[in-house]
Amino acid sequence: MEVDFLLIGQGIAGTVLSYRLMQAGQRVIVIDQPNQNQSSRIAAGLYNPVTGRKMVKTWNADLLFPEIEPLYEELESVLGAKFLYKNPIYRPFLSIEEQNEWMGNSGDEKFVSYLKEIRTSSYFEAVKDEFGGVLLNTSGYLDINVLLDGYTRYLSERNLVRFEKYEETQLTVEKTGIKYQDIQAKGVVYCNGLGSLGSKFFRDLPFAPVKGEILDIEQDFQPQEIINRGVFRITLPSKLLRVGSTYSWHDLDQGPTERAKNEILDRLDNLVNIENKKVVVHKTGIRPATKDRRPFLGKHPEHESVYIFNGFGAKGVSLIPYYSKMMIDLLIKKNEPHPDVNISRFFKYI
């Protein structure tokens, strides 16, 4: 079988990149083990233009956010599935000083496109927001499992995916491309998250795996808005509430932990005034984060046909639409990615 590119992994990265490649007229085949996509499948799928304790604009937001909704809406149309939920995010203020700062931001052109409303008094009776809060637009979440399952069917119907373990020992890298089993291609792209740590080509890249745990709970108060401060609280179509998430660089080999569950529930109690809640689902996954919190894009320094598109951590839903276009420019036009994300910044390690 002759194709243009062989992609390893069909998480969010492999899904979006393979779609972009096909839209650009390239022939692809994907090798995937669905049960290995846990970092994608347990993610909340949140995209949020203002993040962190200090409520700052997301890194590169002005580049990233114009790409997010158009791409996922296009994929919804192609796949005939609903997985994009464009919901406002409400972030309560913690002090009058923070309220004043955001009143100033309301007139700053850097923030205007992301602000829906500034509240100087409580917005929700059920939320602990005595100082009010900021209501954000250009925000929401992705039901990642619906996207991945729909795209898997799309690939399967076209015989473009193989459900098997990728065996790198069967890969032959040649001057003009690669060969893997019966597949010949111009290049191979590693989109397989922490699976790339098992690759002889990329195992020395500075991944920094982060464990995340989230809960689906039953609780009263089910607003359309996503409430987010210290913990996010999303009303799902099922009327369950998705709450999370934790970040741990330790206990990576453990499954769901009581410590993380209690941490999430304690933070939830600090966010809303409703005591009654029932945990229905407790999930965990290991995110393919990086030490400098920037993704890995690029080609191997010694092998022209070996590439990586990886390391998106907890913000894959936001980062991948924009950076997949940059990766396409590398794969097809040979344009190098921006130095901030180009793996050339780590060539001394690999």
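Axes here are lines fitted to C-alpha atoms, for helices over the stretch in contact. The model is predicted.

**Helix H1 and its partners**

Two packed helices are described by the angle between their axes and the distance between the axes. The table gives both values for H1 (residues 12-23).

| Helix pair | Partner residues | Axes come within | Crossing angle |
|---|---|---|---|
| H1 and H8 | 316-333 | 9 Å | roughly 45 degrees |
| H1 and H6 | 144-157 | 10 Å | roughly 45 degrees |

Take H8 to begin with. Angles of 65 to 115 degrees count as roughly perpendicular and those under 35 degrees as roughly parallel, so H1 and H8 are oblique to each other. Their crossing is right-handed. On the H1 side, the contact uses Ile12, Ala13, Val16, Leu17, Arg20 and Leu21. H8 answers with Val317, Ile320, Pro321, Ser324, Lys325, Met327, Ile328, Leu331 and Ile332. By class, this contact of H1 with H8 holds twelve nonpolar, one polar and two charged residues.

Now H6. H1 and H6 are likewise oblique to each other. H1 passes H6 in a left-handed crossing. H1 contributes Ile12, Thr15, Ser18, Tyr19 and Met22. From H6 come Ile144, Leu147, Leu148, Tyr151, Tyr154 and Leu155. The contact of H1 with H6 has nine nonpolar, two polar and no charged residues.

Conventions
Residues are numbered from 1 along each chain as its sequence is written. This is a predicted model: local features need pLDDT of at least 70, side-chain atom pairs count only at pLDDT 80 or more; totals for chains, interfaces and linings use all residues. Side-chain values use heavy atoms; hydrogens and water are left out. Axes are lines fitted to C-alpha atoms, for helices over the stretch in contact, and angles run from 0 to 180 degrees between N-to-C directions. Helices (H or I, at least four residues) and strands (E, at least two) are DSSP runs, numbered from the N terminus. Angles under 35 degrees count as roughly parallel, over 145 as roughly antiparallel, 65 to 115 as roughly perpendicular and the rest as oblique. A crossing is left-handed if the near helix is turned anticlockwise from the far one by less than a right angle, and right-handed if clockwise. Contact means heavy atoms within 4.5 Å. Ala, Val, Leu, Ile, Met, Phe, Trp, Tyr, Cys and Pro count as nonpolar, Asp, Glu, Lys and Arg as charged, and the others, Gly among them, as polar.
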